[in-house]
Structures are given as C-alpha cells and as structure tokens.
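Take a first look at this protein.

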Amino acid sequence: MDAAEIQRALDASPFGPWWGFAVDSVVPGRARVRLPARPELFRPGGVLQGGCAMTLADVAFWSAIMASVDDGHAAVTLEQTSAFLGAARTDLVCDAELLRCGRSIVYGTADVRDVEERRITHHTLTYMRPTS
C-alpha cells in the first residue's frame, strides 16, 4: 500500500477521523505519520496527554506494516513499550521502522518528535500477523 491508500484506510476506520492522523510518507518498512495538536488532546498544564504519542506510534508502526506486506491491515499490536522523554505542546510527527518482519511477528521502533524536532517519546512495538 502507498501513503494515499493507508490514509484512506485510516479515514475509513472508526478511530482515524477523530484523531486526525495524516500519513506523510511510507516505504516498505518505514512510515511517517502526523498528529495535529487539538484542544481536546491536552491535559492540565498545557501538554499533550501521553496517550497521544502512544497512539501515534501504534498507528505509524501499523502503517509501516501495511506498506510492507499484503496482510498488513489485519496485523494487531501484541506489545508496546513507551519511554517518555519530554513534554509535547505542538503537533507530533512519528517515524516508525520495522526491524524484523517475520511470517507471524513484526518487531520495530517508533520515535515521536514535536515540530521543533525534539524527541518526545521512543517506542518498541511487536505486532502479530494473521496466520492462515
């Protein structure tokens, strides 16, 4: 799938339009996805709620999978670890990379940055592909 096809899949999902994800680019094994900051995503103190970065990382990683394998749309998250490195107050951009794409397990990383290119979070992700 290319970036436009992945964007259409996100827009057709129940969660995609609410979040407002924007697929910037995909190539096999990599994806860049943006999340615009909106008032309802902020917590008290003027910072984006941490789940925003986690969700963005999950979606970017899923996008990288969809750009890499035919059954990528059906892959599901098995595990995600997140390290919070700074507070976010702006739009977010996530770069996800598949480090290993096996027959049933996909493993990789995702980094979320703010508009000033400061790293906000680092994630490791493991997905399961359908086995049929």
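In this predicted model, the largest nonpolar core has 36 residues. Those with the most contacts inside the core are Phe21, Leu56, Phe61, Ile65, Leu92, Val112 and Tyr127. Several elements give two or more residues to this core: helices H1 and H3, together with strands S1, S2, S6, S7 and S8. Helix H3 gives the most, with 11 residues.

| Element | Residue range |
|---|---|
| Helix H1 | residues 3-12 |
| Strand S1 | residues 22-27 |
| Strand S2 | residues 30-35 |
| Helix H3 | residues 50-66 |
| Strand S6 | residues 92-101 |

Which residues does leucine 56 touch, leaving out those up to four places away in sequence? They are Phe21, Val33, Arg34, Leu35, Leu92, Val93, Cys94 and Val112. Leucine 56 is also one of the residues with the most contacts inside the core.

Now to arginine 129. Its place is in the segment after strand S8, which spans 119-128. Is arginine 129 buried or exposed? Its relative accessible area is 14%, under the 20% cut-off, so arginine 129 is buried. The side chain of arginine 129 reaches the backbone oxygen of glycine 102 at 2.8 Å. Not counting residues up to four places away in sequence, arginine 129 touches Val69, Asp71, Ala75, Cys101, Gly102, Arg103, Ser104 and Val106.

Most residues other than glycine have a negative phi. Phi of glutamate 117 is near 70°, a positive value.

Note on methods
Residues numbered from 1 in each chain as written. Predicted model: local features only at pLDDT ≥ 70, side-chain atom pairs only at ≥ 80, totals over all residues. Heavy atoms only, no water. Helix = DSSP H or I, 4+ residues; strand = E, 2+ residues; numbered from the N terminus. Buried < 20%, exposed > 50% of the residue type's maximum accessible area, 1.4 Å probe, protein only. Polar contact = N/O pair within 3.5 Å; in protein donor to acceptor, adjacent residues only side chain to side chain. Contact = heavy atoms within 4.5 Å. Core = buried A, V, L, I, M, F, W, Y, C linked by side-chain atoms within 4.5 Å.
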